[in-house]
Amino acid sequence: MVRIIAGSARGRKLETLEGLETRPTLDRVKEAVFGSLQFRIPYAEVLDLFSGSGNLGLEAASRGAKRVVLNDRNPACIGIIRRNIDALGFSGIASTLNLDYAAAIDRLAADGASFDLAFLDPPYREGLSEDAVKRLFTKRLIRPGGTVVLEHAADLAPSGAPGIYRIVKTKRFGKCGYSLIEEDGE
């Protein structure tokens, strides 16, 4: 069961896609991530790039984010995300995109969007993580002082890209982990 753990929608269940195509973030990982960011979420503009059910982006909305953009390439996931947005009453602050991550980044950059926080929970073994993070920073979608939160397999922690981004913190939880990433202004 996937649920919102804090904020205005605390305890509300989220609809998720059946089967193994998506892998929702575990509550203990989500609690650690949001504990690290708790004072940065109110009034933040948030991107959830590999949304699945919208778990991370909708958690941010529940905790006071001003605007949340949720993207997933799977149309079935977008349908679930939209139902979750409606069920939680977040249609005024949450919007969706149904694009591949690179196309979503390009579209958002062309629209002049920028974000305080971006959540990335891509399929662990597809090798998308570092490319997605690099694109977010090089396309200037992350505001100065903003953070990318990357969920990854514990053995696939990112290494950083000097002059583009640096790893601020990495934490592991069994087989998965997350890293907080910020711009590297060398």
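Buried means under 20% relative accessible area, exposed over 50%, and partly exposed in between, with a 1.4 Å probe and protein chains only. By that cut-off, 53% of the 186 residues of the chain are buried. The model is predicted: local features need pLDDT of at least 70, side-chain atom pairs count only at pLDDT 80 or more, and totals for chains, interfaces and linings use all residues. Residues are numbered from 1 along each chain as its sequence is written, and side-chain values use heavy atoms, with hydrogens and water left out.

Helices (H or I, at least four residues) and strands (E, at least two) are DSSP runs, numbered from the N terminus. The chain contains five helices and nine strands, in the order β-β-α-β-α-β-α-β-α-β-α-β-β-β. Its radius of gyration, 15 Å, is close to the 16 Å of the globule rule for 186 residues, so the chain is as compact as a globular protein of that length. The radius is taken over C-alpha atoms, and the rule is 2.2 Å times the number of residues to the power 0.38.

| Property of the chain | Value |
|---|---|
| Accessible surface (Shrake-Rupley, 1.4 Å probe) | about 8,600 Å² |
| Carbon and sulfur share of that surface | 48% |

Contact means heavy atoms within 4.5 Å. Among contacts between residues at least 6 apart in sequence, 65% join residues at least 24 apart.

Helix α1 (residues 27–37) has V29, K30, A32, V33, F34 and L37 as its buried residues. Their cover includes α2 (55–62) and the strands β1 (2–3), β6 (115–120), β7 (142–153), β8 (165–173) and β9 (176–183).
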